[in-house]
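Q: I'd like a close look at one spot in this protein, please. Take your time and walk me through it.

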Amino acid sequence: MQVRDSFREEWIRPIFFYGNNWLSLLGGATTTASAMVLLGFWVVGFFGRGASKNPYLGIIFDLILPGIFVVGLLLVLVGILLRRSYLDATNQVPSFFPEVSLKDPMFRHALDIAVVATFINFIIVGTAAYRGIAYMDTVSFCGASCHVMAPEHVAYRVSSHSNVACTDCHVAPTAAAYVHAKVDGTVQLLMVVAQNYPRPIMADNKIPAASTTCVHCHSPGRFFGDKIVITNGYADDKSNTKTSSVTLMHVGGRDSFAHLSGIHGAHMGKIEYIAVDTTDQTIPWVGKANEDGSVTEFVASGTTSIVMGEKRLMDCIDCHNRAAHSFDTPEDALNKDMALGSPSASLPFVHQESLSLLKAIYKSQAEADARITSGLVTFYRSQYPAIWNRQSPQVYAAAKALISIYDANVFPSMKVTWGTHPNNIGHNNSPGCFRCHDGNHVAKGGASITNDCSVCHNLVVSDATRPRLIADMGMQQ
Ligand code: HEC
Ligand code: HEC
Ligand code: HEC
Ligand code: HEC
Ligand code: HEC
């Protein structure tokens with residue numbers, strides 16, 4: 001009893017007495033309001049409605065709102081200390097502190113102010129938090145407003161997945177992954193604020209397994225059979241001679257008799273590997289689970305010690321690593337655009353000139369844009385004045401096409417250039433399939449992971465000019 005009384009007299013009453021000042025009341029109202037907003041979101045999150053997967057929201061819930069809460073508390077304290085030292089200095093400290101009671105008009109007045117201020121603060125903090133969340137949940141926040149994500153966002157917008165939310169592939173739908181993403185997201189935002197982030201940003205094996213993301217939309221059991229891939233190329237000669245290739249890709253899958261075949265069927269759920277670099281480009285150990293339960297181990301020849309590291313089950317992302325952010329080589333990008341008509345193959349040597357302009361080193365996209373245009377214009381003006389006179393609109397159109405190729409693939413500010421993010425789907429531009437299928441990954445008995453071209457594809461037509469087959473298929477050449 002005594003303890004309670006003395007606590008009331010020595011702590012509660014003085015705190016309420018000194019606390020009756022504008023600063024402390026405002027602080028109390030701020031703290032209460034942010035606590036109410038936090039509680040509100042926790043309740044909403046707990047019942048699962050409106051909870052967002054966005055990894056950057058941690059900055060609002062774990063830093064900003066608690067920050068406002070603490071600032072409010074500090075204001076209360078500062079207000080109390082200021083009033084006490086003011087009353088001390090002016091000798092106005094009462095001999096005993098008034099009772100905390102609703103009957104006291106001063107106390108009632110202070111309470112009114114606190115209630116009104118809390119209400120106003122609640123609206124302000126709540127609206128700000130709500131709008132922050134709504135904004136951070138948009139693709140434009142993840143991709144566009146954050147300039148460090150520019151390379152991924154630009155590539156994403158033109159991918160098949162341009163309507164799939166970033167979080168659908170980047171955050172696995174488990175509670176642990178969710179918390180992990182929030183912590184990571186907060187750290188990343190702080191790194192951006194401090195201008196201390198990696199350039200280029202790499203995936204560093206932080207992408208969740210396909211079994212928790214891709215398979216929500218793609219059935220791993222789907223059968224694709226063979227797929228015809230037609231590609232075009234242009235030579236570096238005066239007439240930019242066009243060639244075409246037709247490749248029959250044995251994609252396969254699981255057919256209606258549950259028989260596994262082709263590229264998809266060969267790896268599904270049975271190949272493990274150990275990569276020794278962060279981009280998974282060097283794979284010295286591969287294991288294949290056989291039907292009898294044994295594992296055939298393939299080791300890169302020349303490997304002398306036992307390969308250590310995390311064993312990972314091969315899944316979609318090991319081949320389709322650039323499903324949402326595919327960067328081209330300058331050759332591929334140029335060939336694709338020329339096949340679509342611009343740069344126009346009617347401009348002499350446009351393939352050769354374009355490639356050298358694309359591959360040159362520029363300090364920024366703005367510089368590249370200016371120098372690509374001036375380079376191309378100068379070339380035709382000086383070397384082919386007659387062409388320049390007749391076809392200058394086509395030269396400008398070609399320059400425009402080159403600029404958009406460059407701006408979609410090279411980001412000097414992020415140190416992303418040709419080849420920074422290798423695509424694992426083939427083997428011509430980066431090791432890709434040949435990380436394992438190089439004929440050099442050998443098992444104990446001497447068998448190696450196959451390097452037989454026809455196992456993966458039939459090269460039906462290779463770099464032929466006006467191939468008969470394409471004409472027969474009725475395609476434009
Ligand atoms: C269809 C799935 C998918 C979607 C949608 C997706 N990503 Fe990715 N993202 C990936 C995969 C897979 C990788 C790993 C690439 C690798 O390992 O080479 C990746 C890598 C990244 C990287 C690491 C750097 C790099 O280029 O490898 C960043 C940054 C990134 N994504 C940002 C985003 C942003 C921002 C969005 C939304 C605008 C987004 N992603 C949407 C699948 C996706
Ligand atoms: C939210 C659903 C969704 C998720 C998640 C998703 N995809 Fe897709 N994906 C699609 C749709 C829809 C298409 C077809 C788009 C079209 O044809 O225009 C597609 C197309 C593709 C294609 C064929 C076209 C291409 O770009 O090569 C591949 C390969 C692919 N997805 C791989 C993946 C991988 C790998 C992942 C996981 C990292 C993934 N997808 C996650 C919906 C999804
Ligand atoms: C061993 C590498 C590899 C793995 C693993 C793999 N794919 Fe593929 N996939 C390919 C290749 C190669 C192609 C055909 C190349 C092309 O489309 O240019 C392809 C084609 C596709 C296509 C396009 C088919 C079409 O008709 O256009 C889709 C969709 C696809 N894969 C989805 C997936 C999904 C989902 C997974 C995981 C369950 C997966 N792939 C696993 C290599 C792989
Ligand atoms: C991590 C290593 C690894 C990567 C990367 C890889 N594979 Fe494989 N692949 C294997 C292993 C191991 C086997 C089984 C070899 C055996 O049984 O002899 C295999 C088998 C195959 C088979 C069946 C071969 C046969 O004899 O029937 C095909 C087809 C295939 N892979 C295509 C691809 C394609 C296409 C890519 C690239 C898009 C690719 N693989 C990437 C490890 C890999
Ligand atoms: C392990 C599977 C695999 C093996 C083995 C393989 N390739 Fe490929 N190859 C691929 C894939 C996957 C692609 C890319 C398809 C794509 O880009 O869509 C490709 C693409 C190509 C292309 C480009 C086709 C085009 O349309 O532009 C050529 C050329 C090629 N391969 C030649 C070869 C030759 C020659 C061999 C034998 C020495 C070989 N490949 C062995 C999987 C393989």
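A: His218 has a relative accessible area of 48%, so it counts as partly exposed. On this scale, buried is under 20% relative accessible area, exposed is over 50%, and partly exposed is in between, using a 1.4 Å probe and protein chains only. Before going on, bear in mind that this is a predicted model, where local features need pLDDT of at least 70, side-chain atom pairs count only at pLDDT 80 or more, and totals for chains, interfaces and linings use all residues. Residues count from 1 along each chain as its sequence is written, chains are lettered from A and ligands numbered from 1 in the order written, and side-chain values use heavy atoms, with hydrogens and water left out.

So what is His218 up to? Through its NE2, His218 coordinates the iron atom of ligand 2 together with NE2 of His161, at 1.9 Å. For reference, the ideal octahedral angles are 90 or 180 degrees.

Helices (at least four residues) and strands (at least two) are DSSP runs, numbered from the N terminus.

The iron atom of ligand 1 makes a handy comparison. His170 (NE2) and His325 (NE2) are its protein donors, lying 2.0 Å away. Its site is octahedral too, with 6 donor atoms and angles of 87 to 180°. Here His170 sits in helix H7 (residues 166-170) and His325 in the loop between helix H10 (316-319) and helix H11 (330-339), so this pair ties together parts that are 155 residues apart in sequence.

As for accessibility at that site, His170 is at 41%, so it counts as partly exposed. His325, by contrast, has a relative accessible area of 16%, so it is buried.

How values were computed. Donors = N, O, S within 2.8 Å, 3.2 Å for Na, K, Ca; no water. Tetrahedral: all angles 85-135°; square planar, octahedral: opposite > 155°, others 65-115°.
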